[in-house]
Amino acid sequence: SPVANPTPFPCGCESCTQSVLDADAGGSSCYSRMDWLRTTSEGGYLSEYDACVRVSSEFPSICGPSCDPIRCNPVFVPDPDPSKLVWSDEFDVDGLPDPTLWSYDIGGNGWGNNELQYYTDRSENAYISSGVLNIRAVRENHQGKEYTSARLVTRNTGDWTYGRVLVRARLLHCTGLGTWPAIWMLPTDWVYGGWPKSGEIDIMEHVGYDTGKVHGTVHTEAFNHGIGTQVGSSIFTNVEDWHVYEVIWSPNAIDFVMDGVKYHEFL
C-alpha cells in the first residue's frame with residue numbers, strides 16, 4: 001500500500017489527535033480497533049497505514065477522515081499520456097450503445113451472486129443521451145423477475161492485459177438498499193479455469209446499504225470473497241457526483257485510484 005510520509009503523528013495525520021483515537025467506534029476506541037488489526041492474526045497483522053485506512057472507512061464520522069492517511073496525506077498519480085490511448089467511448093451519439101464496442105450479458109440466472117434482476121438489451125435499461133451512458137434498474141415484471149437492468153461488456157471488443165482503465169461515472173438515484181452498481185473486469189479466455197482462478201478486478205463497487213463507500217478489489221484463487229480473503233480497500237465520497245475511477249495494472253501491481261488519488265495497491 002502507499003506509504004505515508006514519516007511524521008510523529010498517528011496514521012501520519014496531524015489531525016489524528018488523542019481525542020479522535022479515544023473516540024468510541026462500535027464498542028471500542030478508534031485506537032483499540034487499529035491496534036487489534038495490527039497486532040492479531042484475526043485482524044490480519046495489518047500495517048499501521050492499512051489499519052488506519054480500514055478503521056477510518058469503517059467509522060468515517062468518528063475515526064475518519066481525521067485518521068485516514070488517504071485523505072490527510074494523499075498519493076497522487078500523474079495523468080495518463082493521451083498519445084497512448086488505445087480505446088475509448090465518449091457516448092457522443094444518442095441511442096443504444098455502439099455495438100462495435102459493447103455487447104450485453106442477458107438473463108436472470110442470478111449470475112453467481114443471487115442477483116434478483118433480469119439483464120436485458122433494451123433501451124429501457126441502457127441508453128445514451130447527451131453524452132452520457134445511462135444504465136437503469138427498473139422495478140417491473142419481466143421473464144419471471146421483478147427487476148430489470150443492463151450488464152454491458154467489452155468482451156472481444158476491448159480486451160487487454162495491463163494498462164490504465166479510467167471510467168468517469170456517477171451513481172445517480174442508485175444508492176438504495178439492495179443496489180450494487182459496479183464497474184469491473186473479468187477475463188475473456190479463462191485460461192486458468194473458472195472463477196476465481198482466472199481472476200477479477202473490481203474498479204468500482206458501491207453497496208447500497210453503505211452509502212458513499214466505494215470499493216476497489218482483486219479476486220484470485222487465493223484471494224476471493226467466496227472464502228473471505230479478497231484483497232481490496234475503500235474510499236468515501238459523494239457517489240452522486242461525477243468521479244473518475246481508475247485501475248493502473250502493471251505486471252507487478254494493480255493500483256486503485258479515484259480522481260487522481262491512489263487509495264490501494266495490490267501486489
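Reader: Why is Cys-11 called buried?

Author: Cys-11 has a relative accessible area of 4%. Buried means under 20% relative accessible area, exposed means over 50%, and partly exposed lies in between (1.4 Å probe, protein chains only). Since 4% is under 20%, Cys-11 counts as buried. A word on the source: this is a predicted model, in which local features need pLDDT of at least 70 and side-chain atom pairs count only at pLDDT 80 or more, while totals for chains, interfaces and linings use all residues. Residues are numbered from 1 along each chain as its sequence is written, and side-chain values use heavy atoms, with hydrogens and water left out.

Reader: How do you know that Cys-11 and Cys-52 form a disulfide?

Author: Their sulfur atoms are 1.9 Å apart, and a disulfide is a pair of cysteine sulfur atoms within 2.5 Å. The link is left-handed, with -80 degrees about the S-S bond. It connects distant parts of the chain, 41 residues apart: Cys-11 is in the segment before α1 (18-21), and Cys-52 is in helix α3 (residues 48-58). Helices here are DSSP runs of H or I with at least four residues, strands are runs of E with at least two, and both are numbered from the N terminus. Cys-52 is buried too, at 2% relative accessibility.

Reader: What makes the disulfide of Cys-16 and Cys-67 right-handed?

Author: The torsion about its S-S bond is about 90 degrees, so the disulfide of Cys-16 and Cys-67 is right-handed. Cys-16 lies in the segment before α1 and Cys-67 in the loop between α3 and α4 (69-72), 51 residues apart. For Cys-30 and Cys-63, the torsion is about -85 degrees, so that disulfide is left-handed. Cys-30 belongs to helix α2 (residues 30-39) and Cys-63 to the loop between α3 and α4, so this pair ties together parts 33 residues apart in sequence. The structure holds 4 disulfides.

Reader: Why is Cys-174 called partly exposed?

Author: Its relative accessible area is 23%.

Reader: What makes strand β14 mostly covered?

Author: In β14 (residues 213-219), 7 of its 7 residues are buried. In a regular strand, side chains alternate between the two faces of the sheet. Both faces of β14 are covered: Lys-213, His-215, Thr-217 and His-219 are buried on one side, and Val-214, Gly-216 and Val-218 on the other.

Reader: Why are β3 and β11 called edge strands?

Author: An open sheet of 5 strands has the order β3-β18-β17-β16-β11, with antiparallel pairing. β3 (75-76) and β11 (163-169) each pair on one side only. The partner of β11 is strand β16 (residues 243-249), joined to β11 by 7 bridges. Arg-164 stands opposite Ile-248 in β16.

Notes: Two strands pair if DSSP finds at least two bridges between them.
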